[in-house]
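I opened my notebook today to look up which side chains are linked to each other, and where. Follow along with me.

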Amino acid sequence: MFKQFEEWSRTSVLALAALAAIGCGGGGQQSGGESATQGESGSASVASTVDPATAATISGSVMFQGTAPEATMIDMSDETVCADRHGSAGKSTEHVVVNPNGTLANVFIYVKDGLGDMTFPVPQDPVVIDQAGCWYVPRVLGVQVGQDLMIKNSDGVLHNINAKPSENRWMQAYVGVLEHPYYSVTGEGGNYSLSPLPPGTYVIEAWHEQYGTQTQTITVGEGEQAEISFTFGEAAA
């Protein structure tokens, strides 16, 4: 499930394979390095292995089409510590982030179907999300079922992570929770890569918080490097 983490407590659950949402409330106990374990995956079975000699790669980019919605400035005046961290430029919303090359950032791309009953070892290192300047960093990330999620607090104010369905004030983040490691998030270049994949036919889904989901089906052979791209935006919709 995809989970959304938000300041001042709001959680929305999106029906995307396994997507989860985070919320953070003001005051109360400091969450600091809170750890969230999503469960165990394949604990009673032997994890599948992928032969690097025959492994395939699916990669591509996510383009933006149309006119990007204008970002709005966030009023953080009641949290001066956070407001000061952003300086005179302030902080604006990031619901839609279009890169200079016309690609779209913060798109979560993952294998939705095609892995069958394969299981995968759970990474030992935790996935980390930080609270910096009353802002979650990164905004979109992935975690494997059973892997620790560490929520840091780099601010000089108390943050209380919770999941109450009420309107938030400014902090938002989304975490894709999957039973396998094949996911990626587009960044400043708008690119993604999924590897090493066993040869096969896969349904690849791309998710964006504003524009929803798109899927494509692709077949990759032994050692093949295939490319598929997605296009989001008002015009694309």
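Before starting, I wrote down one cut-off: a residue is buried when its relative accessible area is under 20%, exposed when it is over 50%, and partly exposed in between. I also noted that this is a predicted model.

**Entry 1: the disulfide**

I looked up cysteine 134 and found a relative accessibility of 2%, so cysteine 134 counts as buried. Its partner is cysteine 82, and the two sulfur atoms sit 2.1 Å apart in a disulfide. The count for the structure comes to 1 disulfide. I then asked myself what the link ties together. Cysteine 82 belongs to helix α1 (residues 80-86), while cysteine 134 is in the loop between β7 (127-131) and β8 (136-137), so the bond joins parts that are 52 residues apart in sequence. I checked cysteine 82 as well: with a relative accessible area of 0%, cysteine 82 is buried. Last, I noted the handedness: the link of cysteine 82 and cysteine 134 is right-handed, with 65° about the S-S bond.

Next I turned to charged side chains. How many salt bridges does the structure hold? I found 4 salt bridges. One of them pairs arginine 85 with aspartate 155, at 3.3 Å from N to O. Arginine 85 lies in helix α1 and aspartate 155 in the loop between β10 (149-153) and β11 (159-162), so this pair connects parts that are 70 residues apart in sequence. I noted that arginine 85 is partly exposed, at 47% relative accessible area, whereas aspartate 155 is buried at 10%.

**Entry 2: lysine 91 and glutamate 94**

Here I looked at another salt bridge, in which the side chains of lysine 91 and glutamate 94 meet at 3.0 Å, N to O. Is lysine 91 buried or exposed? Its relative accessibility is 16%, so I put lysine 91 down as buried. Glutamate 94, at 22%, is partly exposed.

**Entry 3: strand to strand**

My last stop was the salt bridge of lysine 112 and glutamate 205, whose closest N and O atoms are 3.1 Å apart. Lysine 112 is in strand β6 (residues 108-113) and glutamate 205 in strand β15 (residues 200-208), so the pair ties together parts that are 93 residues apart in sequence. I recorded lysine 112 as partly exposed, with 44% relative accessible area, and glutamate 205 as buried, with 3%.

Notes
Residues are numbered from 1 along each chain as its sequence is written. This is a predicted model: local features need pLDDT of at least 70, side-chain atom pairs count only at pLDDT 80 or more; totals for chains, interfaces and linings use all residues. Side-chain values use heavy atoms; hydrogens and water are left out. A disulfide is a pair of cysteine sulfur atoms within 2.5 Å. Helices (H or I, at least four residues) and strands (E, at least two) are DSSP runs, numbered from the N terminus. Buried means under 20% relative accessible area, exposed over 50%, partly exposed in between (1.4 Å probe, protein chains only).
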